[in-house]
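Biologist: I am new to this structure. Please take one part of it and walk me through it closely.

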Amino acid sequence: MRLEMTLLFDGGPPSTRPRRRAVSRFASRSLRGRPSRGIDGTEIVHKLRCTMHTFRCVQCGALNRVPEKRVAQKPICGQCKARLDVSGAPQEVDASELERVVASSPVPVLVDVWAPWCGPCRLASPVVGRLAKSRAGLLIVLKVNSDQHPEVSAKHRISGIPAFLMFRRGVEAARQVGLLPEAAFARWVDGFALAA
Ligand SMILES: [Zn+2]
């Protein structure tokens, strides 16, 4: 009996060890597998995106980069020290704040241009909210009330709402006018925002 126990204890750690070895072997192989792309800028951006999450401080608007493993530790804003909202929930902004975030965000920015009188916009709102939260840190989702900030519609030539504009590295990568079914909308977002 005592021998059996000893074997069990000895046998415990190795059952986890091979799994860890397999993961690290896979990681090093995948890095070795693409040496030319390893020093490529896009590859580096992709790697950063895997480990760093970006959150906009609701209080001061600063963009904060937080290591993925620290997201659950109630991070605070590096600028104003307020608790960061790491839920990924959409944030309402005005025209100048929109331009500032789009120009400086290290992650893609999805903009929902809406108005209170627009029925499809109200239908889209919970869909956008779910999508934003499930991609928290990897995507910044902003909302612009087109009645309050008509200059946004003018600047981006938006003629119908709801309009969804996807910005990557400061430029518009795609736009979708009108609400899509949720699954199709998620594919649209991921196709433009999260693709390497
Ligand atoms: Zn702040």
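Modeller: Helix α5 bends by about 30° at Ser-125. A proline, Pro-126, follows within four residues of that point. Keep in mind that this is a predicted model.

Next, the length. Helix α5 covers residues 119–134, which makes 16 residues. At 1.5 Å a residue, the helix should span 22 Å. The C-alpha atoms at its ends are 24 Å apart, so the two values agree.

Now the buried side. Cys-121, Ala-124, Val-128, Leu-131 and Ala-132 are the buried residues of α5. What covers them includes the strands β4 and β5, along with helix α7 (182–194). Across the protein, 23% of the 196 residues are buried.

Strand β4 (residues 109–114) runs antiparallel to β6 (residues 163–168), and 5 bridges join them. Val-113 has Ala-163 in β6 as its bridge partner.

Finally, the wider setting. The protein has 7 helices and 7 strands. From the N terminus on, they run α-α-α-β-β-β-α-β-α-β-α-β-β-α. Among contacts with a separation of 6 or more, 62% are between residues 24 or more positions apart.

Methods
Residues numbered from 1 in each chain as written. Predicted model: local features only at pLDDT ≥ 70, side-chain atom pairs only at ≥ 80, totals over all residues. Pairing = 2+ DSSP bridges. Helix = DSSP H or I, 4+ residues; strand = E, 2+ residues; numbered from the N terminus. Expected span 1.5 Å × (residues − 1). Bend = angle between axes of the 7 residues up to and from the residue. Buried ≥ 20, exposed ≤ 12 C-beta atoms within 10 Å, placed from the backbone. Contact = placed C-beta atoms within 7 Å.
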